[in-house]
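Welcome! Here is a short briefing to read alongside the sequence and the 3D view.

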Amino acid sequence: MSYIFMFVFFKIICAQLTNCPQEHVRFEKIIGLRPSSDVDGYLLYKRKIYEPVTLECLSKCASNENCFSFVILYNISECYWYNVNIRGLQETENILDPNVVWFEKTCLDTNCSKLWIFERVPGAVLIGNDIVTVPKVMTRNECQQNCLNYTTCRSASFRISNDVNSTNTLGTCTLSEMDRHLMPNSFRTASYEEEYFENQCVQDKTNAFCAYEEYDNVVSTQADIKYYNVTKMQCEKLCDGITSFNCRGYSLIPSASTNHICLIHSGNSKVHGPRLLTSLTGAYFFEKARCLNMACTETHITLRYWPELPFNGKVYMNGYSENVQCYVKGRGMEEVVLKMPLFRNECGIMKAITINANRTLFSGTMLLQYNPLIQTQGDRVIKIGCIFTNNTKIVLGTGVNFANSSYPNHGTSIINTTTIQPTVEMRIVDFYTKKEVSATQIGQELELTIELHPPDGAYDIWATHLLAMTENGDDSILLIDDQGCATNPAIFPNLVKIYNNETRRLVANFNAFKFTTSSIIRFSIIVQFCPTYCTPPNCATGRDLGTKVRREIMGTMADVKEVNKNQFDNDNVTQMPLEFVLLVRNAKITSNQLVYDDNRKILIAGYDLSTDEICIDFSLTIGIIVTWITIQIILLTCGILMIRKYKNYYRQGKTQSLESLHSNFGMRFANLGNRRVRWADSGSYT
């Protein structure tokens, strides 16, 4: 059923867009945004809850000449269509909602047969990797058409201009040969003047994505197709074989049969981080990941990584980031080679053998970390290993996800002056709910806020020297320098100043990260106060400064003022340090216990039904033996104690029974010696 729509889809689209030929009408997928509640939406299609509706909604909107766009509500499996084209100032009322996807009709000249041509992510940017900046202001549609015309364009960045009088949305367009999947470490949240367009029609490099990252006990909340009674390998082949859209991952849900329910996803966790996933016991989510080259010899495992961009991070085995035998640092564009011994019991490489000892598995968990100090959402955690048999060896490279605090959760300072005492507070909140967080996961969208009260006081604020460090200060990274500019916008952006009726604050949206050596992050910053107003810094990137925050959670407006540090060096400025402590956790690292034999047959739970071979970890084998011996000793001891107790009970019970018998006949053991007996043959008494 899922492929029927593909054949008839573009034939039934009506050319209701102004000045757009019918054959050029296409769909664009907008992630995490929907129209305001003031815009009337009409039910387009619905199914039972948690059932996919994407293909049906696309088909019904394409056949409806009045349908300009529709929104899918994944949590209730419904979609609603809109008969208005929202542009220009109307967009400021749009609402951020990570639980929806908005499909909008657009006009693009392309032969691409995908169900949607571009994916748009508002409030996101791909740092660097630009190939050309189109030298004029244009619409989104023109920017996307430029990307389609440029054969190597994989994505585009669209920066909305400040021309609020325009009836259409205009901005500057920058094209890139990379995208968020090839360079996840360069993709981050930004202000909502930044938009990220991803070309769905570009062909992936051969074998660029040959691995899947595995997340256990979770599923993706946004499914596009559903299959029943399939195996893991069948579900993976379905994902790889879909041509109507780009499959980015799949979920496996346990069912009553021995097989699974298979969900196919066009979205992945690189956009909204762990928010896209929901807990479900026994389920698995698999997400496509880049390939790495591995080789096995009789004595070593060797991993080779060719970076597309300068790589200055590190590659190491999980838990052995400081062992010189188990990690290697990147050196720009040079090839990264990590060679580890198999038989020295180092680097967390475990050995497992079959019972008949003709197959041996060596495996471990490796991390590819783009920053030498901190872990970010774009980092890779990979299950690596080799299987040795009598005659051959098999290389494994299965991707897996790496995916109570008594510390203070925010800092507040008060400036003593002759006027009203201003108060400044630093908090880290969830980007969508605006609730303060003290614990989170890698990749979660957060917002750092430095807030000044009262907003109409005599002082203005700026902040400099934002330092993130471990609990004990052994490792640290400078996020905002002494000029108030971001040192690495891919990790942490420039601060933006926001005014509204209630407060004056500095904000920065970022994805949660953590240090390799600690889950505790201390954010320390210097807040600077200057009289009346602080003028903007001259940052090299300047992408996040001097902009207007046009969309809030409920669609309200907020004016942004330009601020800087040029006035900070006079004698009237006061500086105050603030600190916030955050706990950042990894998603649970799980090693895939399913391995392949020589004939590419899967070993279920370590057992091959065809050969009766069991693959058991060596430490598990020792544990089973020790447990079995312990149980036998306990059973033997209990048996001996029971036998002894039964014997005592038997003796005591026999004696009591004999005494009771004599008592019934008037006899006692104690007076038998005092009784006289008359013998029948002699007639005498004794």
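A residue is called buried when its relative accessible area is under 20%, exposed when it is over 50%, and partly exposed in between, with a 1.4 Å probe and the protein chains only. By that rule Arg-120 is buried, because its relative accessible area is 3%.

Please keep in mind that this is a predicted model, in which local features need pLDDT of at least 70, side-chain atom pairs count only at pLDDT 80 or more, and totals for chains, interfaces and linings use all residues. Residues are numbered from 1 along each chain as its sequence is written, and side-chain values use heavy atoms, with hydrogens and water left out.

**The overall picture**

- The protein has six helices and 43 strands; these are DSSP runs numbered from the N terminus, with helices being H or I of at least four residues and strands E of at least two.
- Of its 686 residues, 52% count as buried.

**The nonpolar cores**

- A nonpolar core is a set of buried Ala, Val, Leu, Ile, Met, Phe, Trp, Tyr and Cys residues joined through side-chain atoms within 4.5 Å.
- The largest nonpolar core has 38 residues, and those with the most contacts inside it are Ile-428, Leu-448, Ile-450, Leu-479, Phe-513 and Phe-523.
- Among the elements that give two or more residues to this core are β29 (423–430), β31 (445–453) and β37 (520–531).
- The element that gives the most to this core is β32, with six residues.
- Leaving aside neighbours within four places in sequence, Phe-523 is in contact (heavy atoms within 4.5 Å) with residues including Met-426, Ile-428, Leu-479, Phe-513 and Phe-580.
- A second, separate core has 32 residues, including Ala-62, Phe-70, Val-101 and Cys-235.

- In helix α4 (residues 232–241), the buried residues are Lys-232, Cys-235, Glu-236 and Cys-239.
- Seen down the axis of α4, these buried residues fall within an arc of 100°, so they line one face of the helix; the arc is that of the directions from the helix axis to the C-beta atoms.
- A handy rule explains such patterns: an α-helix has 3.6 residues a turn, so residues three or four places apart point the same way.
- Thr-54 is in helix α2 (residues 54–62) and counts as buried because its relative accessibility is 1%.
- Not counting residues up to four places away in sequence, Thr-54 touches Ile-72, Tyr-74, Phe-103, Trp-116, Ala-223 and Asp-224.

**Salt bridges**

- The structure holds 26 salt bridges, each being a side-chain nitrogen of Lys or Arg within 4 Å of a carboxyl oxygen of Asp or Glu.
- In one of them, the side chains of Arg-180 and Glu-119 meet at 2.9 Å, N to O.
- Arg-180 lies in the loop between β10 and β11 and Glu-119 in strand β6 (residues 118–122), so this pair ties together parts that are 61 residues apart in sequence.
- Arg-180 is buried at a relative accessible area of 0%, and Glu-119 is buried at 0% too.
- Glu-195 forms a salt bridge with Arg-120, with the closest N and O atoms 3.8 Å apart.
- This second pair links distant parts of the chain, Glu-195 being in strand β12 (residues 194–199) and Arg-120 in strand β6, 75 residues apart.
- Salt bridges that share partners join Glu-28, Glu-91, Glu-104, Arg-120, Arg-140 and Glu-195 into one network.

**Positive phi angles**

- Most residues other than glycine have a negative phi.
- Lys-434, which is not a glycine, has a positive phi of about 65° and is found in the loop between β29 and β30 (439–441).
- The side chain of Lys-434 also meets that of Glu-447 in a salt bridge (2.9 Å, N to O).
- Lys-434 counts as partly exposed because its relative accessibility is 29%, whereas Glu-447 counts as buried at 6%.
- His-465, in strand β32, has a positive phi near 50° and counts as partly exposed at 31% relative accessibility.
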